[in-house]
Amino acid sequence: SLILFLVGFTYGFGILYYSFELFAKINTGLGIQNIWDIGQFLSQIFLTASLLGIVFQYPIILTVLIRLGLLTTRMLRQKRRLAIFLVFVGTALLPPTDGLSLVAMVVPLILLYEATIFINFNK
């Protein structure tokens with residue numbers, strides 16, 4: 001659980017850091033001045049990275065539900081499209097809201113979903 005949180009936090013921090021850096025370069029290239037409040041900037045990065053770290057916990061939750069018999073891997077495979085849709089919607093609620101960051105945050109969550117199905121295949 002701690003490892004998943006740290007991986008999610010670190011990944012989220014990196015994605016946000018580079019997306020803000022990319023936006024700053026684009027703005028500068030267009031002649032737009034970047035005026036950011038450093039406190040709000042860091043707060044947003046740490047909040048979003050923490051939330052992504054928490055979201056990385058969902059394979060553990062799915063595994064517990066499978067072990068309790070409330071879910072099956074067959075059900076998870078059948079509801080794959082719904083799960084991917086929900087991952088996109090949930091991740092879209094996290095800042096920043098640009099498409100590149102959204103895709104970069106969704107891909108590992110989908111891979112975690114698939115890994116959860118693979119690991120719990122015989123359950």
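The expected span of a helix is 1.5 Å times one less than its number of residues. Helices here are DSSP runs (H or I, at least four residues), numbered from the N terminus. This is a predicted model, where local features need pLDDT of at least 70, side-chain atom pairs count only at pLDDT 80 or more, and totals for chains, interfaces and linings use all residues. Residues are numbered from 1 along each chain as its sequence is written, and side-chain values use heavy atoms, with hydrogens and water left out.

Let's start with helix 5. Its 13 residues should span 18 Å, and since its end C-alpha atoms are 18 Å apart, the two agree. Ala 83, Val 87 and Thr 91 are its buried residues (buried means under 20% relative accessible area, exposed over 50%, with a 1.4 Å probe and protein chains only). They sit on the same side of helix 5, because they cover an arc of only 60 degrees around the axis (taken from the directions from the axis to the C-beta atoms). Over on the other side, Arg 81, Phe 85 and Leu 86 are exposed.

So what do the buried residues of helix 5 pack against? Helix 3 and helix 6, going by contact, meaning heavy atoms within 4.5 Å.

Now for the core. A nonpolar core is a set of buried Ala, Val, Leu, Ile, Met, Phe, Trp, Tyr and Cys residues joined through side-chain atoms within 4.5 Å. The largest one has 19 residues, and Tyr 58 and Leu 109 are among those touching the most other members. Helix 6 (99–119) is one of its suppliers, giving the largest share with 8 residues.

Technical notes
Helices (H or I, at least four residues) and strands (E, at least two) are DSSP runs, numbered from the N terminus.
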